[in-house]
Amino acid sequence: MNHTPSQLNGLGIALVTPFLADGSVDYPALQRLVNYQIDNGVDFLVALGTTSEAPCLTIQEKADVCRCIVDTVQGRLPLVIGCGGNCTANVIDELTHTSLDDFCAVLSVAPFYNKPNQEGLYQHFRAIAQASPKPVILYNVPSRTGVNISAETTLKLATDCPNITAIKEASGNMEQIKAILAAKPQHFTVLSGDDALTLDMMREGASGVISVIGNALPRQFKHMLTLFKEGKETEAEAMNQRFHDLYKLLFADGNPAGIKALLHIMGYTQNTLRLPLTPIHLNIFEKMQLQVQRLQLM
């Protein structure tokens, strides 16, 4: 089944990469996780995003992880692939040497560490958009990259580059997000990159979220979004508030360490990460266990 970028709204999941205790990729666990998402009604999946620990995967492992996801999904919902970096030429090379046939869009994070100015960001994404055979979703997450894609730059890219069709906005800056939503072209979609701000962003006109917590709670998070879309904002906000403490715990020791701990507590994956990432501290893990019990998530 062919999917289009216009279907990328509602609940998307930034999939984790499960590992075995020896650090190798746990492909059976990845298959189970993908089916768990689909069975619980998510709208699309993102492979090799930040939450996947993609920087710690080999080129072969990236290809194998994508193949596992594609073979498990079997066209049942749209797929997005992460492809970004801080060297424009390398990103373009990866795009041209990666099979994108099974993906409807590319999620590309802002360049990290070398901190380009806004003109550099514009030229970087413009070059990627020109080279990409698939539509491009910008990913703005200043807390991780050290650089913010301004509203002006986002809107300029959305206007000048027809192949840039969306942004995953995780700046946490609601004034910036409002500015993008108020002036964006009609074809351009804004998705939340922050679970805790998803409802706030959707109130302003965002179309959905690329979620971390949804790895573990796809049914609950999808229900919250459905309530909101049905005009039941009070009920949706009540659900959102129930997860307030869990949101904080998930990111207290970094992502994806938090979501991997939650998945482990719920019995879906081992609590294994690759260096330089390590599991969350024991006191946070115990607090997370208490939240799982309080919210009756098992």
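View 1. Helices here are DSSP runs of H or I with at least four residues, strands are runs of E with at least two, and both are numbered from the N terminus. This is a predicted model in which local features need pLDDT of at least 70 and side-chain atom pairs count only at pLDDT 80 or more, while totals for chains, interfaces and linings use all residues. Residues are numbered from 1 along each chain as its sequence is written, and side-chain values use heavy atoms, with hydrogens and water left out.

H9 itself covers residues 218-229, and at 1.5 Å a residue its twelve residues should span 16 Å, which agrees with end C-alpha atoms 16 Å apart; the expected span is 1.5 Å times one less than the number of residues. Its buried residues are Pro218, Gln220, Phe221, Met224, Leu225, Leu227 and Phe228. Buried means under 20% relative accessible area, exposed over 50%, and partly exposed in between (1.4 Å probe, protein chains only). The cover over those buried residues includes S1, H1, H8, S8, H10 and H11, with contact meaning heavy atoms within 4.5 Å.

**View 2. Strand S7 and its two partners.** Thr189 and Leu191 point one way from S7, Val190 and Ser192 the other way, and all are buried. S6 (residues 164-169) runs parallel to S7 over four bridges, and Glu169 has Ser192 as its bridge partner in S7. Pairing takes at least two DSSP bridges between the strands.

Now follow the connections. S6, H7 (residues 174-183) and S7 make a right-handed β-α-β unit, and so do S7, H8 and S8. Right-handed means that, with the strands pointing away from the viewer, the path from the first strand over the helix to the second runs clockwise.

**View 3. Two cis prolines.** The Asn255 to Pro256 peptide bond is cis, with omega near 10°, and Pro256 sits in the loop between H11 (244-252) and H12 (257-265). Leu275 and Pro276 are also joined by a cis peptide bond, omega about 15°. Look for Pro276 in the loop between H12 and H13 (282-294).

**View 4. Positive phi without glycine.** Lys115, in the loop between S4 (105-109) and H4 (118-131), has a positive phi of about 50° although it is not a glycine. Lys115 counts as exposed at 55% relative accessibility. Gln296 lies in the segment after H13, and its phi is near 50°, again positive in a residue other than glycine. At 69% relative accessibility, Gln296 counts as exposed.
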